[in-house]
Amino acid sequence: MNAESLNLPKLTEEVRAIARSAGAFLLAELGKVGQEQIETKALNSLVSYVDRTAEEQIVAALQPLLPAAGFLTEEETVAQLAQPTRWIIDPLDGTTNFLYGVPIFSVSIALEIAGELVLGVVYEPNRDECFYAWRGGGAWCNERPIRVRQQANLAQALLATGFPYYDYSRMGNYLQLFRYLMENTRGLRRCGSAAVDLAYVAAGRFDGFYEYSLSAWDIAAGMVLVREAGGTVTNFSGQDTSLQTGEILAASNGIYPHLLTSLKQRM
């Protein structure tokens, strides 16, 4: 299977419907999860039946679209087969926000073929905003085209990041970078969902986003969005290995060089 053999616009439309359905389930369960139903997978990494059920619904809906495709999913409710074509899924990006009632979380679905990300959908149900993109098709939100913001002045940039919540080995460097950017930009935001952060970069709401210790399902769909919206996505060294390393720098092309230099000097 290759991307050229697929009708990516049609497939994206089908994936959008699946993401919206999963998002509706998340909203229906918001506020219903009891403390006894929350599990701790690892330090500060929470999960409940909502994550798992949403993932099962997404997988079941995606399987008929591309029967030969494998899956890489956060909750591993399906066999994680190393297929050349695979769906990369986070059924609930921002689980902690969801469980605490903070209304910033999302459904993230990406399609990878032979190592290339070719489709991405991020649905934020609280605002009913569906961000989507496919290779060569540009980036969109609710039927409207979106683009990264054309900003080359770091002092006028609004950035997003994520705070380390289990890997504190680079905390000193991270705080040094955080202080530098705090003092030299319009400000920094921490939403709690990397998929939403990336979607907002693609939509021109943030000029850039950076974080480390992320998983592929956190960022795969958002990477497609930013690139199709005209932005750049790399790791902290400027290489295209974010899915493998968990480091991501996503930004508009004007701000990207400034952020890359800042990251190289401090991280």
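Arg16 and Glu143 form a salt bridge, with their closest N and O atoms 2.6 Å apart. A salt bridge here is a side-chain nitrogen of Lys or Arg within 4 Å of a carboxyl oxygen of Asp or Glu. Arg16 lies in helix 1 (residues 8-29) and Glu143 in the loop between strand 8 (139-141) and strand 9, so the pair ties together parts that are 127 residues apart in sequence. Helices (H or I, at least four residues) and strands (E, at least two) are DSSP runs, numbered from the N terminus.

The model is predicted: local features need pLDDT of at least 70, side-chain atom pairs count only at pLDDT 80 or more, and totals for chains, interfaces and linings use all residues. Residues are numbered from 1 along each chain as its sequence is written, and side-chain values use heavy atoms, with hydrogens and water left out.

- Buried means under 20% relative accessible area, exposed over 50%, and partly exposed in between (1.4 Å probe, protein chains only).
- Arg16 has a relative accessible area of 13% and is therefore buried.
- Leaving out residues up to four places away in sequence, Arg16 touches Val121, Cys130, Tyr132 and Glu143; contact means heavy atoms within 4.5 Å.

**Other salt bridges**

- A search of the whole structure finds 11 salt bridges.
- Arg135 and Glu116 form a salt bridge, and their closest N and O atoms are 3.2 Å apart.
- This pair links distant parts of the chain, with Arg135 in the loop between strand 7 and strand 8 and Glu116 in strand 6, 19 residues apart.
- Arg135 is partly exposed at a relative accessible area of 30%, and Glu116 is partly exposed at 35%.
- Asp240 and Arg227 also form a salt bridge, where the closest N and O atoms are 2.8 Å apart.
- Asp240 is in the loop between strand 13 (232-234) and helix 7 (242-245), while Arg227 is in helix 6 (residues 216-228), so that distant parts of the chain, 13 residues apart, are linked.
- Asp240 counts as exposed at 55% relative accessibility, and Arg227 counts as partly exposed at 32%.

- Seven strands form an open sheet in the order 3-4-5-6-7-8-9, with mixed pairing; two strands pair if DSSP finds at least two bridges between them.
- Strand 3 and strand 9 (144-146) are the edge strands, each pairing on one side only.
- On average, neighbouring strands of this sheet are turned by 20° against each other, direction ignored.
- For such angles, axes are lines fitted to C-alpha atoms, for helices over the stretch in contact, and angles run from 0 to 180 degrees between N-to-C directions.
- Strand 3 and strand 4 (residues 85-93) run parallel and are joined by four bridges.
- The bridge partner of Phe71 in strand 4 is Trp87.
- Strand 3 (residues 70-73) is covered on both faces, with Gly70 and Leu72 buried on one side and Phe71 and Thr73 buried on the other.
- Strand 4 pairs with strand 5 (residues 106-113) in the antiparallel sense over seven bridges.
- Ile113 in strand 5 stands opposite Thr85.

**Helices on the sheet**

- Helix 2 (residues 49-62) lies across strand 3, strand 4 and strand 5, and runs at about 150° to strand 4.
- Helix 5 (residues 194-202) packs on the sheet and touches strand 4, strand 5, strand 6 (116-124), strand 7 (129-134) and strand 9.
- The direction of helix 5 makes about 100° with that of strand 6.

**Helix 6**

- Helix 6 is mostly covered, as 12 of its 13 residues are buried.
- The buried residues of helix 6 include Trp217, Met223, Leu225 and Glu228.
- At 1.5 Å a residue, the 13 residues of helix 6 should span 18 Å, and the end C-alpha atoms are 18 Å apart, which agrees.
- The expected span of a helix is 1.5 Å times one less than its number of residues.
- Helix 6 bends by about 25° at Gly222, where the bend is the angle between axes fitted to the seven residues ending there and the seven starting there.
- Gly230, which follows helix 6, has a positive phi near 100°.
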